[in-house]
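Dear colleague,

Please find below the structure that I am handing over to you. I would be grateful if you would look through it before reading the notes that come after it.

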Amino acid sequence: MALNVGGIVAVVVFYVLILAIGVWASKKSKKEEKKCAGSKSEVTMIGGRNIHLLVGIFTMTATWVGGGYIMGTAEAVYSPSQGLLWATGPLAYLLTFFLGGLFFAKPMRAQRYVTMMDPFQRRYGNAFTSALLVPALLGDVLWVACILGALGGTMSLILELSSLYSIVLSAAVAITYTLLGGLYSVAYTDVIQLFFIFLSLWLCVPFILLNPTPSDVTHTAQPMTAWLNQSQQVPWMGELKLEDAGKWLDELLLLSLGGLSYQSLYQRILSAASPLQAQVTCFLAAGLVLVLAVPSIIIGAVASTTDWNQTAYGLPSPFDRGQAGNVLPIALHYLTPSWVSVVGIGGLAAAVMSSMDSVLLSSASMFARNIYKNLLRVKASDRECLWVIRVSVLLVGLAGMGLAFMESSVLALWLVSGDLIYVTIFPQLICVLHCPRANGYGALAGLVLSTTLRGLSGEPLLHLPPVLLFPGWRRDPHSGAVSQYFPFRTAIMLLAMLSIPAASLLARWAFRLRLLPASWDLMGALQGGGAEGLPAGRQAEEGEERETRAVPTAKENLLAPSGPAPPPVAESC
């Protein structure tokens, strides 16, 4: 098949435009650095806490509306075994932003943290924080792989361009402007990318609906409607049986609560000018996420009613060929004019880069601040930290790019990236912000418990058989694979959340009753004081009145908590 030269030229022009905006934003970042009396690396990571409200809303929305969100939603609606009821992404991310604005934005922003890991490092010390960073960084790499894989599949179908070139080109552009300007480049390119996503996908919808090949989607929405209209198509609304409710709930909570444990979310929250602005940003982004899911839902529904034998695609259908994950670009290519499909791929490319740049910067920020600066080289200069951020951005981008060639199911990678952090980081985050009695021993017990139980539960994507079989499990009669229909991830998360305060209390009693010698207290169970000993509401109030250092800068015991906060200092920016 011949290359779609016109489409390739259009995509390259779009990439050049995005790169130009990134370069312009990097110059704005340099100006902000001159205005700030504090660290230049913090301007790179959180924009000097001076990101405009509208820019903050758009960049937060664009981060979540990536290739996995757009293509995964269409895949779920199209798949005969799922349907709209199983497309949990839009509802899950609505809950993510709503809960984030209610319970997480104010305490995090008021304490003036720089990364999501700062509260852990302040209370539990460096060693535990380093262990917790592992699933966080792995989740970011898988997220990058997910969104790059989505774009590679799209360009190979629509432009007849090898996925190798499209993935490498997209990664190179995103890495370049992220290196140049940090959060400012990321945020301002996100604004343009979000507008392009909205316009391009909605432009494709009328052409898909007016194509004569698909059946009327209203005739195949539900089983009864499809039967009355004598339709042979599988109802795209899907069906949620009582025995499947546990699995559905588990996937919904995995995406919604797991989304609250991504550094990308808190990078936007911490870049806001005030706690109130951070909360407003979350609430308004929730509405935009829903609106941007509608085109994917429509395209997936139309694809499910299409007689592919009447198109150039032919039979078997995308589902029978194992290409359900690419149903959105397939529908664009075969059900719309060529120029419309090119515009659609431009929207998907924008979605990929709007998420990828955010993930690159967030993972680099955590490594540079919480590992390099606060653990490996406490006396590292600001310039040195900036170079560490740049190198980290490059390494994470290359790792995600490599994994993007290894997985075909966008939806599976999307779920796994949230699975990694849902059972490990989310219960820890709840306790460190809202449980003043939690200590390092409880946190360590919760981490070990959640990691062990999750590993024993099995993972089909990694070909890891389950050792623990929860109620309602089923075995596939053909492949022999076991599927868990009990909400086991949520159960593991809740067990970990309960074990943290319980183990913390046991450790504190063991040392206070002298069942264990005080010299063994390496994690400071007997220590108290500081803002970390206050409830979340009091932390927020104190944070608004004074500047609090998130982590210590002096050398300290690797296992010891940071201790009381240093004296107040003036705002840096």
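This is a predicted model: local features need pLDDT of at least 70, side-chain atom pairs count only at pLDDT 80 or more; totals for chains, interfaces and linings use all residues.

The protein chain contains 20 helices and two strands. Of its 573 residues, 57% are buried.

Helix 15 covers residues 382–404, which is 23 residues. From its first C-alpha to its last it reaches 33 Å, close to the 33 Å expected at 1.5 Å a residue. Its buried residues include Cys-385, Leu-386, Val-388 and Ile-389, and Gly-397, Gly-400, Met-401 and Ala-404 are also among them. What covers these buried residues? Helix 2 (40–46), helix 7, helix 8 (163–210) and helix 14 are included in the cover.

The remaining findings concern helix pairs. Two packed helices are described by the angle between their axes and the distance between the axes.

Helix 7 (residues 126–158) and helix 14 (residues 338–376) have axes that come within 9 Å and cross at roughly 165 degrees. Angles over 145 degrees count as roughly antiparallel, so helix 7 is roughly antiparallel to helix 14. The crossing is left-handed. Their contact is made up of 21 nonpolar residues, nine polar residues and one charged residue.

Helix 7 also meets helix 4 (residues 67–78), and here the axes come within 8 Å and cross at roughly 60 degrees. Helix 4 passes helix 7 in a left-handed crossing. On the side of helix 4 the residues are Gly-67, Gly-68 and Met-71, which meet Cys-146, Ile-147, Ala-150 and Thr-154 in helix 7. By class, four residues of this contact are nonpolar, three are polar and none is charged.

How are helix 8 and helix 12 arranged, parallel or antiparallel? The axes of helix 8 and helix 12 (residues 275–304) lie 9 Å apart, at an angle of about 30 degrees. Angles under 35 degrees count as roughly parallel, and the two helices are therefore roughly parallel to each other. Their crossing is left-handed. Residues of helix 8 in the contact include Leu-194, Phe-198 and Trp-202, while those of helix 12 include Val-291, Pro-295 and Ile-298. The contact of helix 8 with helix 12 has 15 nonpolar residues, with no polar and no charged ones.

Yours sincerely,
A colleague

Terms used
Residues are numbered from 1 along each chain as its sequence is written. Side-chain values use heavy atoms; hydrogens and water are left out. Axes are lines fitted to C-alpha atoms, for helices over the stretch in contact, and angles run from 0 to 180 degrees between N-to-C directions. Helices (H or I, at least four residues) and strands (E, at least two) are DSSP runs, numbered from the N terminus. Angles under 35 degrees count as roughly parallel, over 145 as roughly antiparallel, 65 to 115 as roughly perpendicular and the rest as oblique. A crossing is left-handed if the near helix is turned anticlockwise from the far one by less than a right angle, and right-handed if clockwise. Ala, Val, Leu, Ile, Met, Phe, Trp, Tyr, Cys and Pro count as nonpolar, Asp, Glu, Lys and Arg as charged, and the others, Gly among them, as polar. The expected span of a helix is 1.5 Å times one less than its number of residues. Buried means under 20% relative accessible area, exposed over 50%, partly exposed in between (1.4 Å probe, protein chains only). Contact means heavy atoms within 4.5 Å.
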